[in-house]
Amino acid sequence: MITLQNLTAGYNGKPVIQNISLNFVPGEVLVLLGPNGCGKSTLLKAALGLLPPMSGEVFYGDTEIRRLKPREIAQKAAFLTQSRNTPSITAQKMVLHGRFPYLSYPRHYSSKDHAIVRQAMEVTGCLPYENVNVSNLSGGERQSVYLAMALAQNTGTVFMDEPTTYLDIHRQLQLMQTARTLSQLGKAVVLVLHDLPMALGAADRVAVLGNGCLQCCDTPENVFGSGILDTVFSVEVHRADTPHGPQYYCTPKKEENECRTFLCSSIWKDKI
């Protein structure tokens, strides 16, 4: 289990997240929610040792992260980043990069490495274009390749920063099912999402960031009931009970919607 204790981190001496305590539990899907710029990506980078803490600690089990080498961290936690370069190599070779933490240089892939890569590509649906150059794939296809690369690391924790970017609704639902499957296999799965209904429907726990602080961390039902999402996102979140379980949806705050309607009416009135 990875644990953050009173973690503060940021850039150029200026904190972006402050005094955050949070753990990532094996067998659980945790979704990080919060408005743009609140520190979700910063939190992931600090948890992975890509950004040194300004204060506080990050533990991998009983070991503080500063005692671990990058290769050791990469064997324990995989990271699907929000943005990345697109190399001119085949999809299969890209996914093989996920095996780097386990290989010495020069790298020689074993039959086990190839089997893990193939399985990861099957799970994410990118096996049909294993021999296609990544630069020739669509945004959604590339995303599935990068997800397969993260899964090929075969780590106990998987961090995904906005993994549904570029994906159509079918692939988004597939990805959320993959996240659920990984958690059922005993992995800790941590997702940064902007889709509130999808997050509330998929998570075991939801952590809400706002103003650089952890505002709430609880089950989706309790987070919804607290009203914190309405406050942090300036929307109204609603719940409907269906035969498929609770479904969530968002609407603009009533007073904000009335204000915009008034402004639009005034503008068009002046033009007529």
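This is a predicted model: local features need pLDDT of at least 70, side-chain atom pairs count only at pLDDT 80 or more; totals for chains, interfaces and linings use all residues.
Residues are numbered from 1 along each chain as its sequence is written, and side-chain values use heavy atoms, leaving out hydrogens and water.

The protein chain has 10 helices and 12 strands; those are DSSP runs numbered from the N terminus, H or I of at least four residues for helices, E of at least two for strands. Along the principal axes, the C-alpha atoms fill a box of roughly 70 × 45 × 40 Å.

How many of the 272 residues are buried, as a percentage? That's 44%, with buried meaning under 20% relative accessible area, using a 1.4 Å probe and protein chains only. As for contacts (heavy atoms within 4.5 Å), residues 24 or more positions apart make up 62% of those with a separation of 6 or more.

Now let's look at strand 1, residues 2-11. Seven of its 10 residues are buried, so it's mostly covered. Strands pair here if DSSP finds at least two bridges between them. Strand 1 runs antiparallel to strand 2, residues 14-24, with seven bridges joining them, and leucine 4 sits opposite leucine 22 of strand 2. The two strands form a hairpin with two residues between them, and asparagine 12 in the turn has a positive phi of about 55°.

Strand 1 has another antiparallel partner: five bridges join it to strand 4, residues 55-60. There, isoleucine 2 stands opposite tyrosine 60.

Key. Buried means under 20% relative accessible area, exposed over 50%, partly exposed in between (1.4 Å probe, protein chains only).
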